[in-house]
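Please look through the sequence and the 3D structure shown here, and then follow the explanation below one part at a time.

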Amino acid sequence: MERKRRAFLLALPTVLALLVFFLIPMVYILIKTLLVNGFADFTKFFTDPFYLNILWTTVRVSLISTLISLLLGYPAAYFIARTRSKLKNVMMIVILFPFLVSAVVRSYGWMVILGTNGILNQFLQGIGLLSQPLKILNTEAAVVIGMIHLLIPYMILSLVGVLQSIDPNVEYAAYSLGASPAKTFTKVVFPLSMPGIISGCVLVFTMSMTSYVTPKLLGGSKFRMMATMVVQEINVNFNWGAASAISYILLLTILAVQVAVVLSTSGYMKRMGGGKNA
Amino acid sequence: MATLELKNLTKKFGDFTAVDNMNISVAEGEMIALLGGSGCGKTTTLRMIAGFTEPFSGSILVSGKDVAKIPPYKRNIGIFFQNYALFPHMTVFENVAFGLKLQKLPKNEIKERVESILGLVKLTGFDKRYPRELSGGQQQRVALARALVTRPSILLLDEPLSNLDATLRVEMQVEIKRIQTELGITTIIVTHDHEEAVSLADRVIVMNAGRILQIGSPQEIFDRPASAFVADFMGFSTFIHGTIGLPENRKRPVVCSGHTLFVPEAAAAGLDSGTPCTLTIRSENICLTDEPGENTVSGVVQSATYRGHATRLEVKGCFDEMVYPAVSDYTEKENGNHVLVHFPANRICVYKNTMEEQ
């Protein structure tokens, strides 16, 4: 009991900071919005296809970015987790390297590459693969590319942690019992890496859902996601009620997805070692 | 059932030679122990047989067929890992059934075979448990069942008893031997514990620095180590340096620090008179006596450690080197007591000194 109380004291500063600077303002905004306009801003959002489309775009871009990050990140993470090379730490630093450059700078970098007269188009036209420049910048594809670049380190870090904790002998045991490398992956490594997959996906999905800079700079003026729409409502439309309604709907969507993921995998996670009778 | 043959097997990691030109041939149903300290190449040899790592040169023959081109998942070699390596996300049943399911056997046959092997390792009724819900000994038996259930042609055991407490060790030792004999599987056991090796194996191979030092029956290795190094590894602790003389009465004298010990002529075959050599004898074979005589030297007890079944003495003054008799009867000898120590001639092993031992 004594220990628990002391542990709580250690967590207290963080709890207080979150309470004062996050939870109270959130509640304040909600009350203020509801007092001024009632549920009108919320009803408008769910009845106007314009807004619903933005929500769908946000979810779609986030899902695609998460999925591709997982597909690209998994092999890299597996390699880093299993390599005995002296360069292992260097590889980890390279993975973390993008964090040194802000999202704004990186988005401008992608503009240089993806633009109509950008490096990519010049290259593809130069080797004769294209006659007309490809329109990538200011499309959803550009946003997804930028997003993956931004978020894949989080995916890889989550996966490396879990993959490293899988005993290599477990894989050898599977081989010795007649499992091909493919079977060993699907029956042993993949299920055992599930905790890392879940945390990586939730992290990337959440950060993608709330991203502002990447869709703003790479998606062009007509491309809207939830976070860019909040800013537009405030700065362009001066509609604070709509802005707070959108931010609340974004929050609840993310929360719903997270709860759904936790519920659907809790049984599995418990079996994997969360049990108390170990 | 299969035979196993290693021919000129060599493994290198960069400049380091982990396994150096190994030659072994294992008969059908035989149990062989690879014995050696850490880094002696025993585990690397095991991993090459399993196919987890490729040899630098040489070949591995299973029932006369070279397995170099066969991937590990097609070798049908059962392996037991030191840390068990059970699948943590599967129940005991799923763990054991893993290999059988991959063979696409009918469900009822899988169930039958899993149940019978769990009976063999005395784990009936544990099939729905997860590995983390089992004790170390139970996990170990699951690992053994999982390696055996697919009826592998060769079974590899990596330090099978090292993680267990003393009581469980003896129990599992008997269990492993019983199951192995019952199924008649050709078995290689890797261990650093000489007691484990001599109690389990039909033949023991002592290794050091990637080379084989001695191959022999447990008794041979235990009583007649091929070199002072093997003797040291097999638990001999008394080593005495001396110079050997000419044979007299089928015995040869060895002058050690002014005293003369006689050794059987056969034990010193091939040693020229005047050769510096090392004598060794097991502590249990050294005895205390009341009467002076041949191979009996006086000394002073320096310390006595009571070990339940024996008292281990450190005796100084017999030779330049300390001697360590283990007395089975309770003795009241204390520090400073003068004792007569007898070294039975037929228990002494003689080795020509080599560079590394000097």
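Of the 358 residues of chain B, 52% count as buried, where buried means under 20% relative accessible area, exposed means over 50%, and partly exposed lies in between, with a 1.4 Å probe and protein chains only. This is a predicted model, in which local features need pLDDT of at least 70 and side-chain atom pairs count only at pLDDT 80 or more, while totals for chains, interfaces and linings use all residues. Residues are numbered from 1 along each chain as its sequence is written, chains are lettered from A and ligands numbered from 1 in the order in which they are written, and side-chain values use heavy atoms, with hydrogens and water left out.

The C-alpha atoms of chain B fill a box of roughly 75 × 45 × 35 Å along the principal axes. When contacts (heavy atoms within 4.5 Å) in chain B with a separation of 6 or more are considered, 67% of them join residues 24 or more positions apart.

One part of chain B to examine is an open sheet of 5 strands in the order 15-19-16-17-18, with antiparallel pairing. Strand 15 (287–289) and strand 18 (326–327) of chain B stand at the edges, and because each has a single partner strand, one side of each is left without a neighbour in the sheet. Two strands are said to pair if DSSP finds at least two bridges between them; strand 16 (residues 296–306) and strand 17 (residues 311–316) of chain B pair in the antiparallel sense over 6 bridges. B:Val301 stands opposite B:Val315, which belongs to strand 17 of chain B.

Side chains of opposite charge can pair when their charged atoms come close. The rule for a salt bridge asks for a side-chain nitrogen of Lys or Arg within 4 Å of a carboxyl oxygen of Asp or Glu, and by this rule there are 15 salt bridges over all chains. In helix 3 (residues 107–120) of chain B, B:Glu115 and B:Lys111 lie 4 residues apart, about one turn of the helix, and their side chains meet in a salt bridge of 3.3 Å, N to O. B:Glu115 is partly exposed at 42% relative accessibility, and B:Lys111 is partly exposed at 47%.

In helix 5 (residues 166–183) of chain B, B:Arg178 and B:Glu175 are 3 residues apart, about one helical turn, and form a salt bridge of 3.6 Å, N to O. B:Arg178 also forms a salt bridge with B:Glu182, with the closest N and O atoms 3.6 Å apart. B:Arg178 is partly exposed at 29%, whereas B:Glu175 is buried at 7% relative accessibility. A network of salt bridges links B:Lys122, B:Glu175, B:Arg178 and B:Glu182.

How many residues of chain B are in contact with chain A? There are 22 of them, touching 27 residues of chain A. The area buried between the two chains, meaning the accessible area (1.4 Å probe) lost on being put together and summed over both, is about 2200 Å², of which carbon and sulfur atoms give 65%. In chain B, B:Tyr73, B:His89 and B:Arg132 lose the most area to chain A, together 32% of what that side buries. Across this interface of chain B and chain A the rule finds 0 salt bridges.

Conventions: Helix = DSSP H or I, 4+ residues; strand = E, 2+ residues; numbered from the N terminus.
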